[in-house]
Every structure is written in structure tokens, then in C-alpha cells.
Amino acid sequence: MTGASQEEVSCSLDVISHSAAQTQRLGLRLGELLRGGELILLAGQLGTGKTTFTQGLAQGLGITEVVSSPTFTLLKEYRGQPRRGGAEQATHAKGLALYHFDLYRLEHPEEILDLGFEDYFANPTGVCVVEWADKAAALWSGEYLRVRLKLLSETKRALLFEAVGSYYCDLLQQFQKNTYAALGN
Amino acid sequence: MLVLGIESSCDETGAAIVKDGRYVLANVVASQTEIHERYGGVVPEVASRQQLAAALPVIETALQQAHCGWEEIDAIAATYGPGLAGSLLVGLTVGKTLALARDLPFLGVNHLEAHIYANWLRQSLDSDPQAGAAEKETERAYLPGDPLFPLVCLIVSGAHSELVLMRDHADYLLLGRTRDDAAGEAFDKVARILGLGYPGGPAIQQAARLAEEELRQQSLPARNPYRLPRAWLRGTYDFSFSGLKTAMLHLAEGLVADQQSGRPLPSGGRQISRYTTMGSEAARRGQIHIGLLAASFQEAIVDVLAVKTRMAAQEYHVRQVLLAGGVAANVALRARLEEELAPLSIQLQYPPIEFCTDNAAMVAAAAFFHLLRGERHDLDLDVEPSLSLPFRQE
């Protein structure tokens, strides 16, 4: 656990992914459910699949560009594409943008504030995905969905989804239904 | 034509004065590598604050070194993307302001294009007999010694791994790019796994070289006992280095576990100490393992980069292959690529090391060829942190 977190985890879901392709599919299922303004935090060591998950999530948002690691630039922005058959997306005729952050290089959490990152958070025109979110654990005071990724073996990864707040709790339940309809408990 | 170039896309602040896109009269870089070394990477807020302080002194120094006054400068160019927004903003704002104040044409430059045009740079004006010739502007687009079109350029840096075909100036066709980590990023992350420090490229190159030398001296088996997988992504010119990073992580974890449980290690049971630096006593004892791991990683990454670049050069019947970006400074990459290209009689060209890493001379070089065509930007040009090369569709 990251010591600084005081938050309440209201719902959680444990998933095991057996391949990079499966991790990507999980991201895609989540991406399809997003409406804009969401904050998705990714935590996990090097090589656990954070970027892979985000690549899937981008596909779910209808983004066709290649989503590569933002480690060097700290932020990569992808313009949204209109999603197919999404009547409820009328307010986002242009599709949702993806703001893909990577805090790998940050040593001090307060640095993220100097970057003007808050301008992106809760911006309804896009979705924020933050890799290495635990580097700035004190910053996440509101509601969010966090995914903790853990290395089980060379190809296997554990993904623990933790929702904080009722919106994200509903989102996670819908995600679980769509992904594991047969296993719903 | 004298162009003042300004570069501040990431952790360096640079100013340069370049004549006709080739002859470097001054190239000044205020590097922050030492500052960032402490953080294990670029820290954007630190970067842009430093850049703000460094920008004007760096420009003054460049003018002094070039022995030229403002009245001799014909245009100002500054990087406007891709890069860190805060850092880009410093150089771009300074460039636009000076252009306004001095009433000079201004051109925003794409950082990736600048890396490619580092290959047009030559050390000094005096060494070139062509320099004094008063040709017409349009004829200056091509001079003896310039890279030859069509060419393939491999751009490899901390943020980029792109394979690009150029049939002429400013004509870019994207052949392939990384699908996950950039080559330089893979070097940095693997250097961190191995405890080799930042920046990762030079650290890994150095560790690999020492280990290979030691292998030879101690008549240990000349083969590297570690072998890492390569992601070839056949049928495309794309790259993927994320799996290589993960494979290295597993290999290193496995070795540490073996060491802890007393199982024999490859090549003579020497100790591996993963989280120490090459300089420390513990690492000197374990040097050969860390070094061989570094060598094995470098070999894997260089293998893929060199072979795919050679294949592209073959398919598009190019006359030249260029390297660009910080990783172009890697000696193993240069050697391996030369080896690949030799049978095809295609010449490999790469910039001198000071023009491989971020610098302002390359910005002025790229700007020159745009200015030749009469291009310039309005002063409302904004930074574009996610800018890509202006690729043509084909």
C-alpha cells in the first residue's frame, strides 16, 4: 500500500490477465464505458502492462493512433474520434480525448502541480490516465478508479481494480458485467 | 544566410548560429544533465525554470563565439514541438520576441526534423572551400557533401524511434515507429533496472564495453551467456522495446534469486549486485554480470534497429542511410548498421556526437531549408507538445 492514502475504496475487482493481448482487451472494455472527465490511475512496477492497458483503453475510446509510452514527455495527448453507435455521445461529437500521463520520472509529488496537470483532470472533453500514479499519492483526493498491476509470471499479471466514489463504483460494476457477464457475483 | 537557432524542447537550452544550414559558427548548450542525474531523469518544472535563466546568456554567448552582431543575423528559428510544453514555451517565446524586436523573419521548427537535419551540419566554415561561393539561394538546397536523396533516416532518442523515408527536403514518409517504448527510453529504464544511472545510453554502452574487454582478458568463454528476445514485428517497420525491458527485468530478478539461494551463476559464479552503480565496490565485484547483461540488452536493441533499417534501405533503393537523435551516438548501433549496409554499398552517415543530442545548430539547419522556400511563421505560433513530422500519405 502507498502510505499516504486515506481514501475509502468503495468497490474492487480482481482480475488475472494471461497475456498482453488480454490486458489490452481489459483496457478496451473499460475505455468503451467512459464518458469524459474520468480519472484512471495506474500503479505497478516496470513491465507490468500499464502502457499495454492504456493502449486498449484508447481503442475503447475510438482512438486509432498508436499510443506509445509517454515516459519521456510526461504527457501525450490523443485527439478523440467519434465512437461508432454511441448515440449517448452526442455531446462529444468529436469523441473523447485521451490525456496519457506518466509520472515515472517525478521524484516529488508537488512537481505535478507545477506542471498544470490539474487543468486536465475532470476535463469533460477527455479521459485522464495516469501511469505511476502512486508517485503522487497525496494528490488523488477526489474520486477515481485505480488499477494496480502486479507481475505474477513472465506473461501473467494480476489487475486489481479499486473504485473510489459512487460514480466509479457503478462504472466498475458495469465493467465487470460487460467483461465477465457469466461470473458476476 | 545566417540563422540563429534556439532549442529548449526538453532538458537542454541551446542557441546556435549556422550559415546556409550547414556551417556551424557557434553552438552553445547549457546542459542540465547533472541536475537531472540527481532525479534519474528530466524533471519538467526544474527544466523550464533553468531554461528561463539560461536562454538569454546562451544566445549572447553564441553571438560572441560566432563573432557576429545582430545586424548579420538573417532569421530566427526556435523549436515549437514536440517536447515538454513548459520547456518549449521558453525557447519559442524568446525566439518570437527577439524576431519581433529585431524585425527578423521567424520560423518554428519541428524537433524531429531538426534531428534529421543535424546530418547536414559541418564543423566549421573555414574548412569548406564552397563556403565563400555566392550561389543563388535556390541552388544552395544541395551542396557536395550533403546527404543524398532518397534516404532512410532512423531517428532514435529518449522520446522517439522512427524510421522515415525522405525523397527530398521536407518530404517525409513514415515507414515505422515504436509501438510502445522509445529506444532511448528502453536504455534509460534498463539502466535503472541494472543500477547503472542516468542517462542510460552512455551508461549501458560503457558497462557493456568494460565487460566485453574483461571477458577477453580473462579468457572466459567469449560468448555472452545471457540472451534476450527480439521483437521483430515482421511485415512492418514498427518497433517494440517494451517486451525487451520486461525480459531484462525477469532475467535480472532470476539472477538475484539464484544468487540469494546460492545456485551457480553463469560465467564463473561472480556476484551480481543489481542496485548499485558501476563505481561502487560491490558493483566492481559484480561488474561482469551487470556489464554482460548490459551488453546483451544493447545487442538485442541494436540488432532490431539495424536489421529493420537495412531492410527499409533495400526496399526503397535509397542512396544513403542517416542516423539521428541521441541514441545515434551509440557506437554499437553505428558499427552494426555499417556492417548491415556494407554489402549493399549504402553509406551510413551520422552527425558528430554534439549534434546527436539536443542542440540548437540542428534547429537552425532545418530552418534554413524552409526559409529557402520562403516559408516563415506568424508570431502567434504556439507550442505543440505532441507534434509529429508532417508525413505524407501514401
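Strands (E, at least two residues) and helices (H or I, at least four) are DSSP runs, numbered from the N terminus. The structure is a predicted model, in which local features need pLDDT of at least 70 and side-chain atom pairs count only at pLDDT 80 or more, while totals for chains, interfaces and linings use all residues. Residues are numbered from 1 along each chain as its sequence is written, and chains are lettered from A and ligands numbered from 1 in the order in which they are written.

The side chains of β4(A) can be followed in two sets. A:Ala97, A:Tyr99 and A:Phe101 point one way from the strand, A:Leu98, A:His100 and A:Asp102 point the other way, and all are buried. Two strands are said to pair if DSSP finds at least two bridges between them. β3(A) is joined to β4(A) by four bridges, and these two strands run antiparallel; A:Tyr78 stands opposite A:Leu98. With strand β5 (residues 126-131) of chain A, β4(A) pairs in the parallel sense over six bridges, and A:Gly126 in β5(A) is the bridge partner of A:Ala97.

Chain A also touches chain B. Two residues are in contact if their C-beta atoms, placed from the backbone, lie within 7 Å. By this rule, 19 residues from chain A and 27 residues from chain B take part. On the chain A side, β3 (75-78) and α3 (111-114) are the elements that give two or more residues. This side has six nonpolar, six polar and seven charged residues, where Ala, Val, Leu, Ile, Met, Phe, Trp, Tyr, Cys and Pro count as nonpolar, Asp, Glu, Lys and Arg as charged, and the others, Gly among them, as polar.

Turning to chain B, one finds eleven helices and ten strands. Of its 394 residues, 53% are buried. Among contacts in chain B between residues at least 6 apart in sequence, 75% join residues at least 24 apart. The domain assignment gives domain 1 (2-121 + 352-372) and domain 2 (147-350), with bounds that come from an automatic or database domain assignment. Across the boundary, 16 residues of domain 1 are in contact with 18 residues of domain 2. The elements giving two or more residues to the domain 1 side are α1 (33-39), α4 (111-117), α10 (353-356) and α11 (361-372) of chain B. By class, that side has seven nonpolar, eight polar and one charged residues.

What lies between the two domains? A nonpolar core is a set of buried Ala, Val, Leu, Ile, Met, Phe, Trp, Tyr and Cys residues joined through C-beta atoms within 7 Å. The largest such core has 169 residues, of which B:Ala16, B:Val18, B:Ala294, B:Val363, B:Ala364, B:Ala365 and B:Ala367 touch the most other members. Helix α8 (residues 281-315) of chain B gives the most to this core, with 14 residues. Domain 1 and domain 2 of chain B both give residues to the core, so it lies between them. Leaving aside residues up to four places away in sequence, B:Ala294 touches B:Leu194, B:Leu196, B:Ile204, B:Ala207, B:Ala208 and B:Ala211.

Chain B also holds an open sheet of five strands, with the order β8-β7-β6-β9-β10 and mixed pairing. Its edge strands, β8 (171-177) and β10 (347-349), each pair on one side only. Within this sheet, five of the five residues of β9(B) are buried, so this strand is largely enclosed by the rest of the structure. Both faces of β9(B) are covered, with B:Gln320, B:Leu322 and B:Ala324 on one side and B:Val321 and B:Leu323 on the other. Strand β9 (residues 320-324) runs parallel to β10(B), and three bridges join them; B:Val321 stands opposite B:Leu348, and B:Gln320 has B:Gln347 as its bridge partner. Strand β6 (residues 151-156) of chain B pairs with β9(B) in the parallel sense over five bridges, and B:Val152 has B:Val321 as its bridge partner.

Conventions:
Buried ≥ 20, exposed ≤ 12 C-beta atoms within 10 Å, placed from the backbone.
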